[in-house]
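Subject: Structure handover

Hello,

Here is the structure I promised to pass on. Please open it first, then read my notes below.

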Amino acid sequence: MIEIKQDAFQQELEANKLVVLDFYSTECPPCEALAPKYEALGKLYGKDVRFIKMFRQENRELAEKFGIRSSPSVLFFKDGQQVGEVLTGGIRRSDIMRNLDALLPGSRVKAIHASVKPKVTDAETIVLGGGPAGLAAAIYLAQAKVNTVVVDPLLPGGQVSTTHQVSNYPGFIEPQPGFMLAHNMAEQAKAAGATLKVAVEVNSVDLVKKEVLIDNHETLRAKKILITTGASPRYLNVEGEKEFYGKGISYCATCDAKYYHDKEVVIIGGGNTAVEESEFISKFASRITMVQQFPYLTANRAAQERALADPKINILFSHEPRGFYRKNEKMVVKVENLDSGETNELFTDGVFVFVGMKPNLEMINEPLDKDQWGYLKVDADMRTSMPGVFAAGDVISKQVRQITTAVGDGTIASITIAKELR
Ligand SMILES: Cc1cc2nc3c(=O)[nH]c(=O)nc-3n(C[C@H](O)[C@H](O)[C@H](O)COP(=O)(O)OP(=O)(O)OC[C@H]3O[C@@H](n4cnc5c(N)ncnc54)[C@H](O)[C@@H]3O)c2cc1C
């Protein structure tokens, strides 16, 4: 792998059939996460592909020519022509390999993959998930001199990194951009001595052996595993939902209701969460339209009665959302009347979706004790039902899912783990 300046790039393209180029920046956490993977892949594919790095700020002209807007950005070239995807953000080893493999003959791909040497990394604790719970735990564990590895398929920060503004995390007078809070938590964990393996592929988790296979070749082994994989909102899976996630569509009233003071909102759902959160949102919003698929609400009777009596709340029964788009300053919700089949458009300032959450436990195959909604049951010290396996944060069975509570759970788990390891 070599680092070059933009004037040498054309020459490299002419001299090499296959070239991969990484535009990086300094003070760029995803660039730091990519650097060791890029270097290792440079060795693995080095006979067939020229690996080049370029400092983006000093090579702006070329970066702009390729339309590069963020760092890192990885580009692929064959016979002098740009090919494949432009990778950016939390780039995984497998993303680069997939693009390179598509450019090489099958026999070479086979030989390269066969030459990957399995690697074993020993730690005392593996933290599965680099959100607030996992990072708080990593800070405490590392400060207690427990060898700790945090693993995350994405960049660190969890749900916080996609939150626009966080105004209720103590210690900050002004609201903090979520990505900054996430960044600071991750940097604090690193500074304490924790190892972060982020933007990796998590291939398998063995809670009995306390082993985690990442990127198909590295086995992490430990004495304890802490599960902090969080929870994800259930999505409607309709047009525009992904596009406007966090930009007009919210899944958290505690977090975002305050931004709708004297504004109109649409709430999707009619169960307990939707109805109880509508009461909270009603303290801020001037008008709420609830879109419920059934001809009745499914929340508990007392909450239903309060919602039905609230003059700000109007309920569209037997309606389902079919898509979202933006028109000027307004969000538009396309809804279908399930009785008549007619489609209407609701113009609003924001949308809240409350159709349930689910814990991120797809990778866990062992039968841990769970509540009726699938969240992990833990004791007061965050122990799960399996020895040596702990859980903290949104993934556990509890009433309140916030950054502060996730951080608190992570703290308890880490102190218990550190004591048990002594
Ligand atoms: C849009 C939005 C806004 C919010 N705003 C606020 C707010 O203003 N204030 C507040 O207190 N709370 C807010 N919340 C709630 C808060 O973000 C969560 O309660 C908190 O992030 C939970 O932390 P966690 O570490 O338990 O889980 P998460 O933040 O969900 O982090 C879990 C991490 O685990 C990783 N992971 C998933 N699967 C695996 C796997 N198999 N292996 C390894 N890692 C895995 C994920 O990539 C993720 O990084 C908001 C939530 C959302 C969605």
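Start with the largest nonpolar core, which has 85 residues. Ile126, Ala137, Ala138, Ala189, Leu226, Ala391 and Ala392 touch the most other members. A nonpolar core here is a set of buried Ala, Val, Leu, Ile, Met, Phe, Trp, Tyr and Cys residues joined through C-beta atoms within 7 Å. Buried means that 20 or more other C-beta atoms lie within 10 Å of the residue's own; exposed means 12 or fewer, and partly exposed is in between, with C-beta atoms placed from the backbone. Helix 6 gives the largest share of this core, nine residues. Domain 1 (2–114) and domain 2 (119–232 + 357–421) each supply at least three residues. The domain bounds come from an automatic or database domain assignment.

Two notes on reading the model. It is predicted: local features need pLDDT of at least 70 and side-chain atom pairs count only at pLDDT 80 or more, while totals for chains, interfaces and linings use all residues. Residues are numbered from 1 along each chain as its sequence is written.

Next, the ligand. There are 35 residues around it, and Gly131, Gly158, Gly230, Cys255 and Gly393 come nearest. A residue counts as near if its C-beta atom, placed from the backbone, lies within 6 Å. Helix 6 (132–143), strand 8 (148–152) and helix 11 (403–421) each give two or more residues to this shell. Helices (H or I, at least four residues) and strands (E, at least two) are DSSP runs, numbered from the N terminus. The shell holds 15 nonpolar, 17 polar and three charged residues. Here Ala, Val, Leu, Ile, Met, Phe, Trp, Tyr, Cys and Pro are nonpolar, Asp, Glu, Lys and Arg are charged, and the others, Gly among them, are polar. Domain 2 and domain 3 (249–353) both contribute to the shell, so the ligand lies between them.

Now strand 24 (residues 350–353). Gly350 and Phe352 point one way, Val351 and Val353 the other, and all are buried. Strand 17 (residues 249–250) pairs with strand 24 in the parallel sense over two bridges. Strands pair if DSSP finds at least two bridges between them. Ile249 stands opposite Val351. Strand 18 (residues 264–268) also runs parallel to strand 24, joined by four bridges. There Val265 faces Gly350.

Last, an open sheet of four strands has the order 6-14-13-12, with mixed pairing. Strand 6 (119–122) and strand 12 (202–206) are its edges.

Best wishes
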